[in-house]
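We will go from stop to stop, selecting as we go.

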Amino acid sequence: MTASPTATTPAPAAPAAPAAPAAPPSATDRKPLSKKEIAADHPTWCPGCGDFSVLALYFKMIEKRKLWQEKFTTISGIGCSSRFPYFVQAYGAHYIHGRSLAFASGISLSRPDLHVFVFGGDGDLFSIGGNHFTHTARKNIKLTCVAMDNWVYGLTKKQTSPTSPLGYKSKTDIWGAVDYPINPMKQAIAAGASFVARTTSSNPNHVLQMMEAAMDHDGFSFIECLSECVEFYEGAFDGANPRKGGVFNTVPAEHDVTDEAAAYKLADAAFPGYFGVFYRKPKATKNAKEAALQQQATAKFKGLKDWQILQKTFDAMK
């Protein structure tokens, strides 16, 4: 008899290796946000308000420059134009009156990876927020500030604002404004802003150009954008609108944007003045200075454990 072959039990199959997590899409593969993806609540401005144009161009810039939600934030104070964060489906804050730049400064310094945009009106930025504007500019904190200037307090229904021209009749100056208006461009240049530009909501292509240039600047970027209030100051900026008989004067080609005195002189031109980049000059930001100080401070404790760092601090207090 021949021996029957020995029966064998098949070995159990080895467990399958877990699938590797999918790599996140690269910046080149990831689709830009569409307006539908970043538009939130329907804007509640009055029909014809210039702020609609600025918001639409903000959306366009976000899409064009591929600023996904985790890469930018929108901050504002109080006022018609300060409703911006409500209408943007992304991170942001509708902060208290006049303090938008102070709040945005903290974000910029703590999150250097973000593009920080601040939108405000002439009352919010130059009246109750006037001191914050000056100090944010002089510190050269990296962010973009867009002042939608309509020469009137619109949200509270027609009071004289810091930029209202002499003679303007409002609820607070029924005989006509007697206080000299401020010039936002001159104020920004004198305060130390390292990028200063001017545009108008009636020229959308120019608004987009200025916003992109401001975003690319490493420092405090300021844009004055004329934005007509059709309810309480209709026709205020007709002189800057060729479609209404005005003129749109661009900054002369020969203008040196690094010349502060020349920029200040341009800003002193009578209305409608000039539009474009008045001043742009690289200089160290507070962001870079703070980062250097932090690196210098932490270098002293390199390699130490938390309790050792705490002990050294206590020893220094003796």
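## Stop 1: strand S6

Select S6: this strand is mostly covered, with 7 of its 7 residues buried. Buried means under 20% relative accessible area, exposed over 50%, and partly exposed in between (1.4 Å probe, protein chains only). Helices (H or I, at least four residues) and strands (E, at least two) are DSSP runs, numbered from the N terminus.

This is a predicted model: local features need pLDDT of at least 70, side-chain atom pairs count only at pLDDT 80 or more, and totals for chains, interfaces and linings use all residues. Residues are numbered from 1 along each chain as its sequence is written, and side-chain values use heavy atoms, leaving out hydrogens and water.

Which residues of S6 are buried on each side? Phe220, Phe222, Glu224 and Leu226 are on one side, and Ser221, Ile223 and Cys225 are on the other. In a regular strand the side chains alternate between the two faces of the sheet.

## Stop 2: the sheet around S6

Now show the strands. There are 8 in an open sheet, in the order S2-S1-S3-S4-S6-S5-S8-S7, with mixed pairing. The edge strands are S2 (92–94) and S7 (249–250), each pairing on one side only. Two strands pair if DSSP finds at least two bridges between them.

Select S4 (residues 143–149): 7 bridges join S4 to S6, and the two run parallel. Find Ala147; its bridge partner in S6 is Glu224.

Next select S5 (residues 195–200). S5 pairs with S6 (residues 220–226) in the parallel sense over 6 bridges. Here Val196 has Phe222 as its bridge partner, and Ala197 stands opposite Ile223.

## Stop 3: Met215

Select Met215, in helix H7 (residues 204–216). Met215 counts as buried because its relative accessibility is 7%. What does Met215 touch, leaving aside its neighbours within four places in sequence? Its contacts (heavy atoms within 4.5 Å) are Met61, Arg65, Leu67, His115, Phe117, Lys142 and Thr144. Met215 and Thr144 are 71 residues apart in sequence, yet 6.2 Å apart in space, C-alpha to C-alpha.

## Stop 4: helix H6

Move to H6 (residues 184–191). Its buried residues are Pro184, Met185, Ala188, Ile189 and Ala191. After H6 comes Gly192, with a positive phi near 110°.
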